[in-house]
Amino acid sequence: MRDRRARIGDHRSVIEDYKRLSEEIRQCTSCPLCSTRTTVVVDRGDPTARLLFVGEAPGQSEDALGEAFIGAAGQLLDEFIAGAGLADRKFLIINILKCRPPENKFPGDKDSAYGAEIVPKCLPWLDKQIELVNPRVVVLVGRKAAEWTVFRNKRPAPTMIELFGRWIQSDRYPKVEFFGIYHTAYLLRLRQENSVKAQEVEEKMRRTLAMAVAAIDGVLPELEPMLLKSPASKSRQLKFF
């Protein structure tokens, strides 16, 4: 009973601290995106969850309603979450950027109105969210989510072909197991262009999420992880691939 009360107390503390952090994020004016947004999109889900999804940036639906991943790509992600047996588990979804970039063009992308130097303005919020939530597993949804979460000191980051389905460990977050999947917006486009390829991607998405589910319970994949270290770290590191 004492342990249960301690856990409840810990959850209450996390929720209170996270609410304060969320209010700070909503007041952010650190970059020009604050002048074009409708709302700041902090997250969707439960901040006491052991499973965290990190996406790239809010889209039009998210910007209008203030919740992460609620558009078509988010609905597809929810389908995969349910199919992986995660529907009854707590999870939280956040993005690298908290404000929608104009025309959904990520800063630094071709034809974007803004350069990639804007993105680091949001990274302290990302780090604080991960620190407070303290997830066991993080699923990186798309290449930019991976690039700016665990590869931010490595340019260029590996391609999504290299990252998809991989188990990743980083000394930036030593207690977290990372898994990379394609962004579901890409899968939506792929379904229209190449149904065979889409089926292959969907099957691998399911297998990757199954690994993530097992990792929440401490059962890690038998395959070797991709190991990353920050430049300041002096710990030993295996090759990337």
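Glu-23 and Arg-26 join their side chains in a salt bridge, with an N to O distance of 3.0 Å, where a salt bridge is a side-chain nitrogen of Lys or Arg within 4 Å of a carboxyl oxygen of Asp or Glu. The two residues are three positions apart in helix α1 (residues 2-26), so about one helical turn separates them; helices here are DSSP runs of H or I with at least four residues, strands are runs of E with at least two, and both are numbered from the N terminus. Glu-23 is partly exposed at a relative accessible area of 44%, and Arg-26 is partly exposed at 36%. In these terms, buried means under 20% relative accessible area, exposed means over 50%, and partly exposed lies in between, with a 1.4 Å probe and protein chains only.

## Basis of the values

This is a predicted model, in which local features need pLDDT of at least 70 and side-chain atom pairs count only at pLDDT 80 or more, while totals for chains, interfaces and linings use all residues. Residues are numbered from 1 along each chain as its sequence is written, and side-chain values use heavy atoms, with hydrogens and water left out.

## Further salt bridges

A search of the whole structure finds 13 salt bridges. One of them links the side chains of Arg-143 and Glu-147, at 3.8 Å from N to O. These residues are four apart in helix α5 (residues 143-149), so that they too are separated by about one helical turn. Arg-143 is partly exposed, with a relative accessible area of 29%, whereas Glu-147 counts as buried at 11% relative accessibility.

In helix α8 (residues 195-216), Arg-206 and Glu-202 lie four residues apart, about one turn of the helix, and they form a salt bridge whose closest N and O atoms are 3.5 Å apart. Arg-206 counts as partly exposed at 43% relative accessibility, while Glu-202 counts as buried at 12%. Through salt bridges that share partners, this pair belongs to one network that joins Arg-191, Glu-202, Glu-203, Arg-206 and Arg-207.

## Positive phi in two loops

Phe-69, a residue other than glycine, has a positive phi near 55°. Its place is in the loop between α2 (60-65) and α3 (72-83), and Phe-69 is buried, with a relative accessible area of 4%.

Asn-134 is not a glycine either, yet it has a positive phi of about 55°. The loop that holds Asn-134 runs between α4 (123-133) and β4 (137-141), and the residue is partly exposed there, with a relative accessible area of 43%.

## The seven-stranded sheet

Seven strands form an open sheet with mixed pairing, in the order β1-β3-β2-β4-β6-β5-β7; two strands pair if DSSP finds at least two bridges between them. The edge strands are β1 (44-45) and β7 (226-228), each of which pairs on one side only.

Within this sheet, strand β2 (residues 51-55) runs parallel to β4 and is joined to it by four bridges. Where in β4 does Leu-51 find its bridge partner? The partner of Leu-51 in that strand is Val-137.
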